[in-house]
Amino acid sequence: MQRKNNFLDFLNTFETYKLRDINVHVLKKWCEKRKEDHDYSDLTLIHIRGNLGHFFNFLVDIKALRANPLTQIRFNRNPPPKRQRVYLTEEEIKIILDNAMEYSPSFIYPVLYTLAHTGARRQEVLNLKWSHIDFNRGVLTFVETKNGATRSVKMTKNLFQMLERHPKSNEWVFNNPGGGQIGRSQFGRYIVSFQHAYP
């Protein structure tokens, strides 16, 4: 259910088909339509194919199909980026952090500060627990990374000091205003509000 809308569209599109009629040709047309309708990248289509692949592999396992037709559909694994990557200067990062400190010193600022000082992904920072921080060695460990591998980062002096002063109310390093772990969508809503306040 990682990509629920695509799975539901798949069901709606093919619910009247016989299994033998769900072939490479019709699946490729369906993928192309999803790409066109939603402006998906090839990388997104690869993820969709991977999710649906489990379903087709199951059908092969129970001998309802001889082979998984999705394996014959290829996408470009290294397409050119749809948008140019934005690189912030040191001065721009400083302005953002100063504004975040003014806008939300105990919520948005510490998260953005940690992002800026580690280069970690947003969810990696939001998943940080106090048990992942070794103040004796000055090391931060990200255990729930995108590729599944554990990664350790040496803390800068300023990050060390900021985290050392940061309140420790529960197991999570960064809490929402209610005291629980910050959710991805919740943090996104706060960032949008922050952007409106400091366009």
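In which helix is the place of Asp 42? Select Asp 42 and you will land in helix α3, residues 42–61; helices (H or I, at least four residues) and strands (E, at least two) are DSSP runs, numbered from the N terminus.

Before going further, note that this is a predicted model, where local features need pLDDT of at least 70, side-chain atom pairs count only at pLDDT 80 or more, and totals for chains, interfaces and linings use all residues. Residues are numbered from 1 along each chain as its sequence is written, and side-chain values use heavy atoms, with hydrogens and water left out.

**Stop 1: Asp 42**

Stay on Asp 42, which is buried, with a relative accessible area of 14%. Buried means under 20% relative accessible area, exposed over 50%, and partly exposed in between (1.4 Å probe, protein chains only). Now show Lys 35, Phe 75, Asn 76 and Pro 79: Asp 42 touches these residues, not counting residues up to four places away in sequence. Contact here means heavy atoms within 4.5 Å. Zoom in on Asn 76, whose backbone nitrogen lies 3.0 Å from a polar atom of the Asp 42 side chain.

**Stop 2: the largest nonpolar core**

Next, select Ile 108, Val 111, Leu 112, Leu 163, Phe 174 and Phe 187, the residues with the most contacts inside the largest nonpolar core, which has 28 residues. A nonpolar core is a set of buried Ala, Val, Leu, Ile, Met, Phe, Trp, Tyr and Cys residues joined through side-chain atoms within 4.5 Å. Helix α5 gives the most, with six residues.

Centre on Ile 108 and you can pick out its contacts with Ala 100, Tyr 103, Phe 187, Tyr 190, Ile 191 and Phe 194, leaving aside residues up to four places away in sequence. Apart from this core lies another, of 18 residues, among them Tyr 40, Leu 45, Phe 56 and Phe 75.

**Stop 3: the sheet**

Switch to a cartoon view and find the open sheet of three strands, in the order β1-β2-β3, with antiparallel pairing. Two strands pair if DSSP finds at least two bridges between them. The edge strands, β1 (133–134) and β3 (151–154), each pair on one side only.

Begin with β1 and β2, joined by two bridges; Asp 134 stands opposite Val 139 in β2. Their hairpin has four residues between the strands, and Gly 138 there takes a positive phi near 70°. Then move across to β2 and β3, which four bridges join. Here Leu 140 stands opposite Val 153, while Thr 141 has Ser 152 as its bridge partner.

In a regular strand the side chains alternate between the two faces of the sheet. Show the side chains of β2: Val 139 and Thr 141 on one side and Leu 140 and Phe 142 on the other are all buried, covering both faces.

**Stop 4: Glu 124**

Finally, select Glu 124 in helix α6. Is Glu 124 buried or exposed? Glu 124 is buried, with a relative accessible area of 4%. Show its contacts Phe 142, Glu 144, Thr 145, Lys 146 and Arg 151, again not counting residues up to four places away in sequence.

A polar contact of 2.7 Å joins the side chains of Glu 124 and Arg 151. Such a contact is a pair of N or O atoms within 3.5 Å; within protein, one must be able to donate a hydrogen and the other to accept it, and residues adjacent in sequence count only if both atoms are side-chain atoms. The Glu 124 side chain also reaches the backbone nitrogen of Arg 121 at 3.0 Å.
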